[in-house]
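Dear colleague,

Please find below the structure that I am handing over to you. My notes on it follow directly after.

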Amino acid sequence: MKYDPATNIQNLKQFGEFGDVNPSITDSSTYTFLTAQKMLETFDGTEEGCFLYSRHWNPSNKYLAEAMAAMENTESAWVTSSGMAAITTTILQLCSAGDHIITSVTTYGGTFAFLKNYLPKFNIDVSFVNICDLESVKKEIRPNTRLIYTETMTNPLLQISDLPALAAISKANNLKLVVDNTFTPMIVSPANHGADIVVYSMTKFVNGKNDCVAGAICADKEFINDISSVNDGTAMLLGPVLDPLRSSSILKNLHTLHIRMRQHSSNAMFLAKKLKEDGVNLIYPGLPEHPGHKLYKSIMNPEYGFGGMLAIDVGTSEKANLLMEKMEEEGVGYLAVSLGYFKTLFSNSGKSTSSEVPEETQKEMGLSEGLIRFSVGLDNDIENTYRMIRQSMDALSTH
């Protein structure tokens with residue numbers, strides 16, 4: 001059967017212990033054993049069928065992890081209390097003092113801050129490169145390099161990473177390729193293009209409601225067993241466990257993700273085309289003139305569209321602030337960070353989600369101070385949304 005992320009989730013048979021159509025929610029931190037031997041085997045990792053303690057595994061988190069692994073076409077998965085927990089757990093499991101990481105300079109501000117400001121205290125060195133320049137990636141490889149880290153679609157410049165090429169570079173040099181797929185769930189399946197580990201902020205599109213914070217790590221069974229080991233597993237020992245009630249909620253929302261991603265994509269494409277016709281300086285990977293458009297088409301699952309993220313550049317942060325305030329007043333959406341919500345969200349990236357990136361680095365990577373990142377919502381009347389954006393722009397141009 002042809003791989004399809006939504007079909008893989010649909011084919012899961014998950015129901016509660018009493019036949020509930022929704023899996024039962026775990027309401028326990030610890031679990032009983034019928035024999036002392038089973039407890040010993042669970043502690044040493046030879047028994048996988050029993051639950052020990054909810055920081056280690058619990059049924060609700062297991063259900064969600066299975067669904068995320070099915071979506072990503074990986075052997076296994078582990079769910080975390082935030083997207084940053086997924087990122088930091090993965091990196092700290094793979095790297096030790098003295099190791100080296102290669103990463104995209106264009107990345108989420110929190111990730112940038114962790115790599116740039118936090119890892120040096122552990123003597124882990126990081127090289128920041130233009131991830132679209134494969135030669136620059138190769139030049140940074142050292143004997144102590146352990147992994148290449150990137151985002152499928154980078155935040156906030158919406159560059160497209162060449163996952164097959166990066167995977168080839170990684171494998172040729174015995175490195176791990178770690179890919180953040182938060183912007184493009186279902187649209188791109190990084191593991192199918194050679195990624196070793198796929199991380200998510202499930203806070204965003206996966207959950208889609210902006211009512212919780214959560215993350216996921218999708219990988220082979222060996223890595224998931226390693227991070228959850230009671231002896232030296234980063235996830236087990238640092239404890240970024242997701243609350244079971246939230247796991248249950250996200251699992252239900254996951255079953256509508258394919259419908260939502262199509263609508264996000266359709267709405268973003270409509271706005272991108274209309275704003276392009278108006279001469280607005282914009283970035284949207286679904287448009288043919290985007291530098292990564294051809295690459296994106298070659299790695300995407302086309303039935304889910306090009307995604308709900310677009311950006312416009314109005315030149316200065318002052319103009320960006322005025323426009324965002326006007327759009328919120330008009331009813332376009334909300335001036336807020338984050339993404340993947342059913343309402344359209346927008347923010348001035350350099351002053352918000354990328355504010356951890358120094359201004360000189362922002363300039364070097366091509367991040368304009370007037371860049372507004374949009375997470376296009378599930379608007380039923382996207383033509384009206386466009387009219388409100390246009391009215392906001394026109395109102396400001398007359399002043």
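Which helix supplies the largest share of the lining of the second largest pocket? That share, three residues, comes from helix 4.

Before going further, please note that this is a predicted model, in which local features need pLDDT of at least 70 and side-chain atom pairs count only at pLDDT 80 or more, while totals for chains, interfaces and linings use all residues. Residues are numbered from 1 along each chain as its sequence is written, and side-chain values use heavy atoms, with hydrogens and water left out. Helices (H or I, at least four residues) and strands (E, at least two) are DSSP runs, numbered from the N terminus.

Pockets and cavity

Rolling a probe the size of a water molecule over the atoms shows where empty space is left. The search used a 1 Å grid over the protein atoms alone: a cavity is a set of points where a 1.4 Å probe fits but cannot get out, and a pocket is an open set with protein on both sides within 12 Å along at least five of seven lines. Lining residues have an atom within 4 Å of a point. Grid points are joined across faces, edges and corners, and a volume is the space filled by probe spheres set on the points. For the classes, Ala, Val, Leu, Ile, Met, Phe, Trp, Tyr, Cys and Pro count as nonpolar, Asp, Glu, Lys and Arg as charged, and the others, Gly among them, as polar.

The second largest pocket holds about 360 Å³ of space. It is lined by 22 residues, of which Tyr-108, Thr-182, Ser-201, Lys-204 and Leu-339 are the closest to its centre. At least two lining residues come from each of helix 4 (83–94) and strand 6 (197–201). By class, this lining has nine nonpolar, nine polar and four charged residues.

The largest pocket has a volume of about 560 Å³. Of its 25 lining residues, Glu-48, Trp-57, Lys-62, Asn-225 and Ser-228 lie nearest the centre. Two or more residues of the lining are given by each of helix 2 (36–44), helix 3 (59–72), strand 1 (76–80) and helix 8 (221–227). Helix 3 provides the largest share, four residues. The lining of the largest pocket divides into nine nonpolar, nine polar and seven charged residues.

There is one cavity of 30 Å³ or more, and the largest cavity has a volume of about 30 Å³. Its lining consists of Ser-54, Arg-55, His-56, Trp-57, Asn-58, Asn-61, Trp-78, Val-79 and Val-241. Four of these residues are nonpolar, four polar and one charged.

The expected span of a helix is 1.5 Å times one less than its number of residues.

Helix 13 has 14 residues and reaches 20 Å from its first C-alpha to its last, close to the 20 Å expected. Its buried residues are Ser-317, Ala-320, Leu-323, Met-324, Lys-326 and Met-327. Among the elements that cover them are strand 10 (334–335), strand 11 (345–348) and helix 15. Just after helix 13, Gly-331 takes a positive phi of about 100°.

Loops

The loop between strand 4 (145–151) and helix 7 (163–172) contains Pro-156, and the peptide bond from Asn-155 to Pro-156 is cis, with omega near 10°. Leu-158 is placed in the loop between strand 4 and helix 7; Leu-158 has a positive phi of about 60° although it is not a glycine. Leu-158 counts as buried because its relative accessibility is 0%.

Asn-73, in the loop between helix 3 and strand 1, has a positive phi of about 60° and is not a glycine. At 39% relative accessibility, Asn-73 counts as partly exposed.

With kind regards

Key
Buried < 20%, exposed > 50% of the residue type's maximum accessible area, 1.4 Å probe, protein only. Contact = heavy atoms within 4.5 Å.
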